[in-house]
Amino acid sequence: MARIAYHDADAEAFAATRHLTDDGLTAWRAAVARHLTPRSGMRLLDLGAGTGSWARAFTDWFPGVEVVAVEPSAAMRARCVFAPLVAGDAGHLPLAGGSVDGAWLSTVIHHVPDLAATARELRRVLRPGAPVLIRSAFAGRHEAITLFDYFPEAVRVLDTYPSIADVGAAFAAAGFATAAVEAVPQVTAPSLREVAAGLRREAHTPLQLITDAEYAAGIQRLREAARTVDGPVVDALDLLVLR
């Protein structure tokens with residue numbers, strides 16, 4: 001089971017607020033290209049594709065790359081902006097063995113109930129030497145994510161997520177080695193004011209899993225800061241690359 005259900009309310013909030021703009025994606029495009037080395041005819045698995053924004057970006061960025069988007073939540077699939085999107089989960093991928101040239105997991109790894117089983121399944125479907133690219137907030141690495149400045153109580157939720165070491169160890173047992181870890185900056189929003197106006201609790205797992213009182217206190221901190229803090233909101237999530 002995922003940490004949250006991703007029923008209609010969660011999926012609708014995610015679709016409305018979690019897609020990055022082209023400016024926000026710039027550094028991610030460069031990072032993916034650096035580690036994936038896209039080429040025409042390549043098949044890329046987008047595991048936990050959600051509402052399809054990353055799958056759509058990959059097809060725009062890398063002509064000739066075929067994206068295979070897999071998503072377990074029916075509510076997310078119903079709001080997907082990319083086709084084809086197929087049902088499946090990290091432990092049961094609807095793919096033949098050795099059929100893809102890379103795998104992308106964005107803000108998914110903390111929802112995976114069995115890292116070892118996921119690693120084995122990815123090893124099955126990936127061709128030899130193909131990379132796994134995991135974009136995530138990992139346990140112990142909250143400092144570069146603005147949301148935690150205003151909701152510090154949510155750090156305790158983040159710290160229940162897998163760490164980089166946890167993921168590396170689980171994947172090592174399936175024959176993967178850690179090839180790179182880098183923090184990738186992204187423009188999450190044009191301003192803190194826009195974050196405060198558009199924040200949806202249902203779109204953020206750590207905010208769903210703190211108390212109502214803690215969430216209310218964080219909203220108050222965020223709105224007060226938004227009155228005086230100028231400039232774009234720049235966060236950094238980690239990219240973990242395994243081969």
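**Stop one: charged pairs**

Twelve salt bridges turn up in this structure, which is a predicted model. Arg34 itself counts as partly exposed, at 48% relative accessibility.

Next, select Glu66 and Arg43, another salt bridge, with 3.3 Å between the closest N and O atoms. Glu66 is partly exposed, with a relative accessible area of 40%.

Now pick Asp238 and Arg141, whose closest N and O atoms are 2.6 Å apart. Asp238 is in strand 7, while Arg141 is in the loop between strand 5 and helix 6 (147–150), so the bridge joins parts 97 residues apart in sequence. Buried or exposed: which is Asp238? Buried, at 5% relative accessibility, since the cut-off is under 20%. Arg141, by contrast, is partly exposed at 37%.

Before moving on, highlight Glu12, Arg200 and Glu202, which are linked in a salt-bridge network.

Switch to cartoon. Seven strands make an open, mixed sheet in the order 3-2-1-4-5-7-6. Strand 3 (85–87) and strand 6 (178–189) are at the edges; each has a single partner strand, so one side of each lacks a neighbour in the sheet. On average, neighbouring strands are turned by 25° against each other, direction ignored.

Zoom in on strand 5 (residues 132–136) and strand 7 (residues 233–242), an antiparallel pair with five bridges. Leu133 faces Val241 of strand 7 across that pairing.

**Stop three: helices on the sheet**

Select helix 5 (residues 115–125), which lies across strands 1, 4 and 5 and runs at about 160° to strand 1. Its buried residues are Leu115, Thr118, Ala119, Glu121, Leu122 and Val125. They span an arc of only 165° around the axis, which puts them on the same side of helix 5. Among the elements covering them are strand 1, strand 4, strand 5 and helix 8.

At the start of helix 5, look for a side-chain oxygen of Asp114 within 3.2 Å of the backbone nitrogen of Ala116.

**Last stop: Ser73**

Finish in the loop between strand 2 (66–71) and helix 4 (74–78), where Ser73 sits. Ser73 is buried at 9% relative accessible area. Its side chain reaches the backbone nitrogen of Met76 at 3.2 Å, and a polar atom of that side chain lies 3.3 Å from the backbone nitrogen of Ala75.

Technical notes: Residues numbered from 1 in each chain as written. Predicted model: local features only at pLDDT ≥ 70, side-chain atom pairs only at ≥ 80, totals over all residues. Heavy atoms only, no water. Helix = DSSP H or I, 4+ residues; strand = E, 2+ residues; numbered from the N terminus. Buried < 20%, exposed > 50% of the residue type's maximum accessible area, 1.4 Å probe, protein only. Polar contact = N/O pair within 3.5 Å; in protein donor to acceptor, adjacent residues only side chain to side chain. Pairing = 2+ DSSP bridges. Axes fitted to C-alpha atoms, helices over the stretch in contact; angles between N-to-C directions. Contact = heavy atoms within 4.5 Å. Arc of directions from axis to C-beta. Salt bridge = Lys/Arg side-chain N within 4 Å of Asp/Glu carboxyl O.
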